[in-house]
Amino acid sequence: MSATLRIETLGRCVAAVGDKRVEPHAAVVFAALLLLGLEPGRRWSRADMAELLWPDADYPTRAARLRWLLAKLRALGIPLENGSAELFLRTRDVSVDVEDVDEIRPDAIGAVLPGYTPDFSPRFAAWLDDQRSVLSAAIVRKLIPRLRRALDRGDWTATESIAHGLLRVDELNEDAALALAEAHCRVGARAAAMTGLERYLERLGERPSEAHVRARVFLERIRSVGSSSRPSEPRFVGRREELQRIDELLRAARKGRGGALILTGPAGIGKTRLLDEASIRARLAGMQVVRIRCQRGSAVRSLSGIIELIPQLLELRGAAGCDPINLDRLQGLTQVETGDARDVRDSVSPSLRRSQLVTALLDLIDAVSSESALLVEIDDVQWADPALGWLWDRILAWSGDHDVCWLFGHRTTRRDSVAIGAPSIGVGSLDEGATNELLDDLAGQANRHMDPASREALMARGGGSPLFLRELTRQWGATGRCHELPGSLIAIFDTGLASLNRYALRTLQVAAVLDTYATLERIECVAELPRGTFIDAIADLEASGILTADARGSTYGHVLWAEAALSRLSRNVAKIIHRHAAERLRDELADGPSLSMLWECARHWDRAGHPDRARSCVVQGAEHLAENGFVIDAARAYRGVIQQAGDPAERLAFLRRRIELLRTAARWSELGEEIDKHEQLAVELNPAYDEHNELEIMRIHLSYDIGGDLANQMRHALRCALDPRGSSAHRLNAAKVCAKSADLVSPATLRLVADVARDIPRTTDEARWDGALTQLMYELRLGDRSTAVSIAESLASTAWHSEVHRGHALTACGEAYAIAGRITEAKASLEEGIRLSTRMGWLASLVYTYDCLIGIALDLDPLATTRTLLDESWQAIKEIEMTSGIVSEFVFPSHEAQLAVLQGDATAALKWAMPLEKCMNLEAPSWRIRLLAIHAAALSQLGKRDLVREVVRHMTPCFAEPDRWFDWPASVYASCLACDDPEDAARFASRYIHSFRRELYPPPNSLIELAAHASVDHLAVL
C-alpha cells in the first residue's frame, strides 16, 4: 500500500512517508525524495537521476546504486511503477509544507531547508538552489498579504511575527524589514527598529537600490523622531483603543480621506502624551506634522487657534506650491501692518476678504498635503477662539477628501462641551496592566526596586492617571516611602515646588507666565538671572522632570505644574514679570510684527498694570482684523477695549468705531444698543451735541433691519429729511433712505421726498450723490424716463463718487435704460455692474443687479437665457461665499419659481416660491404682486380654481395706482380673471396697456388678446 510523501522545508529538513522519517544524513535517499517531491509530475529518466546523484561514478556503478535506491524508496512506500523507464510521483501523492503556509503560525516559519548543503553533486546543488528560490518566492507571495492585513488593522504583534517569519525566509525582503521596523516603533521599541534597519542595510550592501533608499529614509525618519521627542518622558503604555482610532485616522488621511478626532478628558489623564504618540506614528508613516497649543486666555483673542497655525504651515515642505497671492494674504493676516499703507482692500467687502483668506488657508493646506499627508494637532483647544466654529466646520468638511487629518486635545470637566464638530474619544484612566507597565518604567528611571507593597500603594493613590502616577513615583523614588505620599495632585505639586531652590522656582514661574511663548532665550531675558544661576535652574528643572526644552529651545511642562507655580507668585512680583515679558515681546514685535504676539503683548501689559498700553495693542490688532475681513472679531475686540477704557472721551471714540464695525458686519441686534450707549455718553460729555447725525440714520435703518417694517423706516426717514435743524447733508441722506422705502411701499411719499430733496442745498460730494439718487428713484417710478436716464448716466460718469457709488450707478443706469426700452444698453450696464460687484464682494449690489438682469430676461429672452443667468447668479454668490436671507428666501428662489411656471412645471414653482400666506402679507406691493402671480399661475396649471380666486382677490389692490408696470403679473392676473369674468379681464387688460404701461417694447400677447375684447381703441397707443 502506497503512502503520501510529506516534505517539510520551513525551518527544518524532513521527508516523511507515514510514520517513517528521512533526514539529510541519509544523503542520497533524502536527495531523491526532494527530486521527486518538490517537482511532482516531472518525469526523470533513470540515466538522468543516476547522473544527478552520482556524477563521479561509471555507468555500471550508477545502475547498481540506482537499483539499490529504488528498492529503498519502494520499501518506504513511495509509489514508483516497476519496470518504468521514467521515475516520477503524481501530485496527489506529495504534499509540501509551503502549500500550507497560510495555516502555519508565523513564529513556526523558518528558512527553506536550513543548514542543508549537500556537496556530493554540483548539479544537484544547483537544482536545490533553484528550488529554494521557487519555494521562498511562494512563501513570500503567501505571507505578504497576511503582513499587509496585519498592518492595516494595526495588529503590531502579528505584524512583528509575520515580518520575522518573512525575513527568515528572505532576509532581504523590503516589505518585511520596513514592516518590522514600524511594528517596533508602534510598541515603543524605536531602538530595536533602528538596529533592525541598520542590519538590513548591511545585508543590502552599498549597491544603491530603491529598497536601500526606502530603508535609509525610514531609518532617518525614526532617528529624527527620537531626537525631537521630549526627554525624561516615561515609556508610552496602554491606550490600545485610542491608538487604534488614531491609526485609522492616519491611514485614511494617507489615502485621501482626511478627518478629525477630539481627545477629551481631565488634566493629567494623558491627552498630550497621546498627541505625542500620534505625531510619532505620523512621522514614521512619512506624514508632515504641525503642533500648536492654545493657552488660557486665548478664547478672548480673535482667531486664536488659527493665527498660530498659519506660520507653522508656511514653514512646511510644499508650502511654496501655494498660490503666491494666497501666500501674501496669509502672511498679511499674521503680520500686523505698522504703517498707514492701505490698498484696494478698502473697497472690497469684508466678507469677501474673509472668504479669500479662508480660500488661501485651504490652498496652503492643500499645497502642503500634496507634498505628503499632513497631521495637524491642536492641544488645549478648549481655549481656542469659540467664535471660529464656522471656520472649523469649513476646514474639516474640506479635509474629508484630502490627505489631511486633525487631532484636538480638549481638557474637559463634567460641565464642558466640545464645540468642534468632530468625533471625540474620552481618554480615561489607565487599566491595571498599563499602570503596572508605567510603574515598572518609572521605577527603572528612579533606579529603585519597587516592592509589592509600594506598587499597591502607588496604584491605589494614582487612580490610573499618568501624571499622578508619575509624580507619586518621583516622590517615592526620592524618599523611598509610600505611606506619607499625598492624596491629591495639589499636594504633590506643593511638595515638588517646595523642593526647588528659589532660582529654579522663579525660572519655572517665568516659563508659566510666558506660557506657549516660553523659550530658553525669553525665559533668561525675562527672569534676568545671572547666566550661571539660570543654567543651574534649568538643569534642576530638567532633572526633576518638571520642565524640559527641545532642540529649538521651546520649553515644555505640564499645565498643572504651571498653575501651581503661578499660585505661589505674589501680585506685585507677577506684575513685574508680566512687564518684563511685555517689554521683551514689544522688542520682538518691532522686528517682526505678528498678530498672535500682539495679543500676547496686550495680555502681559494688562497683567502688568498698564491697561493703556494693552488697549493700544488690542486696537491695533482689531484694526488689522477689520482690514482682513474679520469685522465681527474686530468688533468683539473693541467691546473689551470699551469696558476697560476709563476716559469717557476715549470710550466714546471706541464706541463709535465698534458701531461702524457692527454695521459693516450687519449685527443689527447689537448695533441699536451700542448706538444708544454712544448717544447717551455723547450728550453727557456735550449737552449741545447734535443728535441729527449718521447714527440717527443707522437707527432709522434698524427699524427695517430688525423688524422688517418698511413703512416705519420710511416715516422716520421722512421726519428726519423734513427737520430743518439737521444739516443739509444729513437731511439728504435721510431723504435717500426714505426714497428707497417709499419706492416699494408708497409712491405718494416718493413724490413728496423727491420734492423735499430738490430744495435742500448740496454742499458735499456725498450730499450731491444722495440728492441725485433720490431724484433718480422718483423719475424711475413716477417721473420721466428720459430724465431718469440722464440722471443715471450723470451718476455713472461723474468722477467724485466712490467705487461703491460706481457700482450703484451702473445698476441704476441699467434700470433706467430698461424702462426707456434701451435693452441692449441696459444689459451691458448691468453686466458691468455684476462684474464689479463680484470682484469686490458686494452682495447686496450683486443681488439687486442680477435681479434686474434676470427680470429683463424673463420678460424678453428665451427661457434658456434666464436659466443660464440664474445658474451664474447662484455660482457668483457661492464663489464669494456669502449667505443672505433675502437671497435664499426671496430673490433668486422667486426667479426660479417664475421660470418653472413659464416652463409649465407648477409643482417645482410652488416648491421654490415663498409660502402663499407669507406672500399675501408682504408689505411691498412690488414684491407681493410678483409672488402672487407665481402662485396664481401655478395653481391655475394644477386646476385649483378656488385657491386661484383667493390669490386673484389679493392681487387686485396691487394694480390700484399707476406706479408700477408688471407685464407678466398683469397677464397672469388677467388670464386668471378671464376664467370667471372675461369682460372684466378684457377691461383690465385694456386699462393696463393704455394707462399703466409706458415701456417701449411690446406687452405680452395674452394682454393684447384680452384687451381686444374690450375695445379697439387701445391699439392706437401700441
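The dialogue below goes through strands, a sheet and the nonpolar cores.

Mentor: Note first that this is a predicted model, in which local features need pLDDT of at least 70, side-chain atom pairs count only at pLDDT 80 or more, and totals for chains, interfaces and linings use all residues. Residues are numbered from 1 along each chain as its sequence is written, and side-chain values use heavy atoms, with hydrogens and water left out.

Trainee: Which way do the side chains of strand E2 point?

Mentor: In a regular strand the side chains alternate between the two faces of the sheet. Helices (H or I, at least four residues) and strands (E, at least two) are DSSP runs, numbered from the N terminus. In strand E2 (residues 14-17), Val14 and Ala16 point one way, Ala15 and Val17 the other way, and all are buried. Buried means under 20% relative accessible area, exposed over 50%, and partly exposed in between (1.4 Å probe, protein chains only).

Trainee: In which sense does E2 pair with strand E1?

Mentor: Two strands pair if DSSP finds at least two bridges between them. E2 and strand E1 (residues 5-8) are antiparallel, with four bridges, and Arg6 stands opposite Ala16. Their hairpin has five residues between the strands, and there Gly11 takes a positive phi near 80 degrees. E2 also pairs with strand E3 (residues 20-22), again in the antiparallel sense, over three bridges. Ala15 has Val22 as its bridge partner in E3. Two residues lie between the strands of this second hairpin, where Gly18 has a positive phi near 65 degrees.

Trainee: What is the strand order in the open sheet of five strands?

Mentor: The order is E8-E9-E10-E7-E11, and the pairing is parallel. Strands E8 (288-293) and E11 (424-426) stand at the edges with a single partner strand each, so one side of each has no neighbour in the sheet. Strand E7 (residues 259-265) is joined to E11 by three bridges, and Ile262 has Ser424 as its bridge partner.

Trainee: How many residues does the largest nonpolar core have?

Mentor: A nonpolar core is a set of buried Ala, Val, Leu, Ile, Met, Phe, Trp, Tyr and Cys residues joined through side-chain atoms within 4.5 Å. The largest one has 115 residues, and Leu313 and Trp392 are among those with the most contacts inside it. Helix H13 (residues 350-371) supplies the largest share, nine residues. Apart from this core lies another, of 111 residues, including Val745 and Leu830.
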